[in-house]
Amino acid sequence: MLARIRTAALITAFALTLVSRVSEACGCFAPPDPTVPIVQAGERILFAVENGVVTAHIQIQYAGDAKDFGWLLPLPSVPTLKLGTEELFAQLISTTQPRYFVRNTFTGNCGGIRNATAAGFSGSESQDAGSSSPLVTESSIGPYDYAVLKADSKEAMFKWLTDNHYFIPTGTDETVGPYINPGSYFLALKLKSGRSAGDIQPVVLTYPSDLPMIPIILTSLAAVPNMGIQVWMLGASRAIPRNYNHVVINDAQIDWLGQARNYNEVVIRAISETPEKHAFITEYAGTTAIMRDVLDPSGRFGSSGELAALTDPGQFVSYLFTHGFPNGINQSGAFGRPLPPVVKNLVLAMVPVPEKLTGVSEDAWLQNLSNYLGAYRETHPEQFVGWSSTFDAPALAAQLDEKVVRPAREAGELFRRFPKMTRLYTALSPQDMTRDPVFSFNPSLPDVSRDHTAELRTDCNLFTGSQNAPRTLITEQGWAFRVTSEPRDLTSGPGALRIETLSEEGDAKVLVDNSAMIDPTPACGCASVDALGLGALGLLAATLRRRRSTPAAS
Amino acid sequence: MLCIALAACPGPPPPNPTPWGEGAFELGVHDLNDMPRFGASVDALLEAGAQGGFHVPVTYRVIGHAEHEVTFAHVVRRKSDSVLVSQGSRLFDVTGGVWTGSVIPIFICPTPIGTNALGEALTLEVTASRSGGEVVARQTVEVTLSCPESSAYCASICKG
């Protein structure tokens with residue numbers, strides 16, 4: 001049975017009435033459970049907005065042949081294009097991921113503390129008009145060739161892309177209409193000849209614009225059902241979805257005792273309950289301090305000059321391991337962690353694994369490069385027959401600086417420049433991608449924590465030990481239900497607690513409040529004491545009354 | 001940054017702690033014929049921007065003043081109920097006297113969810129202020145917006 005807890009004091013009052021000794025809640029947070037259900041988001045973007053300029057870090061996710069890779073993005077002006085870093089998104093996901101904890105409390109004498117229920121993490125893890133060419137500029141950056149085209153004419157733009165071997169996804173012709181306007185532009189990317197899908201890394205665009213927008217209509221071409229879209233917004237205050245609804249999920253539907261594995265399903269259900277299924281959930285809104293010095297701690301990457309001077313490949317690669325290239329940690333144990341793909345591919349292009357060196361992985365080769373090129377090669381020369389290296393320390397150092405160091409440092413700087421970060425998430429199916437979401441800010445809205453805690457209360461009494469004592473789970477929003485051996489129904493209630501609109505000033509405007517649907521009739525007893533405990537109290541009270549009424553012997 | 005398109009520009013401006021004064025700052029909204037109108041009330045056509053959005057084109061005209069790094073902050077509200085439609089700011093250098101800048105796009109659509117911006121009076125207020133926050137000028141104009149005839153998409157995203 002489900003009941004809403006009105007005040008925490010009510011729980012305490014009942015506990016004190018029933019028992020002579022209150023076993024204080026351990027108050028301990030259960031250790032986080034690493035079994036996080038990961039949701040594969042189809043789009044991940046970080047926007048930073050300041051003074052009419054938008055900087056967008058866009059993670060490009062692609063699996064397929066390099067020749068079939070094509071990426072089109074409409075833009076309001078000719079952008080500045082740089083390379084980004086995958087690590088930005090890995091760290092953002094990790095530091096802002098919603099987490100669901102269960103805190104164990106005990107009332108009465110339970111005769112020993114029950115093992116804490118494991119807490120769960122929940123991830124949501126989600127070209128020229130007329131006779132001129134539409135081409136404005138074309139160049140290369142990192143693994144990409146790119147072109148910026150005027151978007152005056154769809155036909156001219158498509159012809160240029162086709163003639164220049166840029167892949168145009170099927171269906172683009174039908175969806176590109178709203179973005180074709182005089183004065184607008186398209187950025188087109190393709191992979192350079194000889195590159196693979198494994199070389200793909202994020203891109204960073206900077207362009208003048210009042211507000212950031214995601215051209216989701218165009219994305220519908222490659223979308224899958226309930227595709228996750230994760231957006232991080234940096235700015236002076238909390239960000240909002242300007243033209244989408246906002247939803248607060250009903251945490252009674254979360255499988256708290258199951259590591260919140262159904263988090264994404266609850267979010268999808270909540271969004272499906274909103275008009276046109278156009279809604280975002282705010283998963284975090286708060287300080288950017290949680291991301292400061294994460295990508296660019298002092299000393300990470302060492303010095304490009306020092307690296308360029310290491311003409312021995314073994315020493316060069318060793319420097320990478322000991323100066324934070326694997327994961328930002330400078331420690332001797334870093335050799336246990338592999339180099340990230342971008343770094344690994346750059347090094348292996350110059351120092352490949354010998355073909356005759358069988359059974360040695362690329363990671364093992366790099367982690368033990370000095371040994372393989374030194375003592376091992378001396379004792380196994382036959383395995384290096386035909387092998388050659390094109391190692392060039394200054395060139396490799398320069399490539400690493402362009403593709404790894406500078407992107408990480410520039411991304412890291414963002415979190416010192418902007419005080420607030422907001423993480424927004426939605427899940428959309430292709431048929432619902434009919435409106436491009438735009439994001440704005442509202443400085444008067446409160447922060448949103450990524451951490452959520454429920455209380456699992458065990459009510460021990462004189463007649464039940466801890467094993468048989470009734471347990472009640474009280475969610476963060478205050479919904480309480482008895483925990484039994486029967487699995488709880490997590491599908492019949494609403495996914496959304498509230499559906500609301502957020503504007504650029506003032507409080508949220510509630511469109512739908514499902515509180516009454518979740519708690520139609522407040523139930524009593526299920527969140528307080530059980531009948532057996534009440535019966536015992538009644539017996540005691542009756543005994544005391546009989547003693548008082550028996551006249552003392554004179 | 002916008003800059004003067006005049007032939008003879010004077011040198012660096014002297015410091016000026018006082019507001020610009022009456023008539024120094026004019027706010028022009030491009031009308032249905034794409035001409036800047038510096039009046040109290042204008043019927044304007046929304047222009048398509050990139051990424052599927054629409055904006056109202058405006059022009060700022062500053063007469064007799066020259067300053068660096070002036071913030072022009074705009075607020076657009078529905079006149080009937082003061083509902084906020086758009087707000088934003090840009091930083092400009094105002095140099096050399098009479099200044100007719102390039103067209104500035106004021107973002108309108110997609111409008112905030114549930115907010116219609118078409119066919120009813122909106123107030124567009126622009127406030128110019130120095131880096132220390134001192135307001136030097138303010139102008140307000142009433143604007144009524146409509147979509148280009150050919151764009152059903154514009155109507156769909158400008159009605160909230």
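**Confidence and contacts in a two-chain model**

Author: Chain B has an average pLDDT of 82, with 84% of the residues scoring at least 70, where pLDDT is the predictor's confidence in each residue, from 0 to 100. This is a predicted model, in which local features need pLDDT of at least 70 and side-chain atom pairs count only at pLDDT 80 or more, while totals for chains, interfaces and linings use all residues. Residues are numbered from 1 along each chain as its sequence is written, and chains are lettered from A and ligands numbered from 1 in the order in which they are written.

Reader: How many residues of chain A are in contact with chain B?

Author: On chain A there are 27, and they meet 20 residues of chain B. The chain A side of this contact has 13 nonpolar, eight polar and six charged residues, with Ala, Val, Leu, Ile, Met, Phe, Trp, Tyr, Cys and Pro counted as nonpolar, Asp, Glu, Lys and Arg as charged, and the others, Gly among them, as polar.

Reader: Switching topic, what domains is chain A divided into?

Author: Domain 1 of chain A covers 2–289 + 418–516 and domain 2 covers 304–417, with bounds that come from an automatic or database domain assignment. Their contact takes 16 residues from domain 1 of chain A and 12 residues from domain 2 of chain A.

How values were computed. Contact = placed C-beta atoms within 7 Å.
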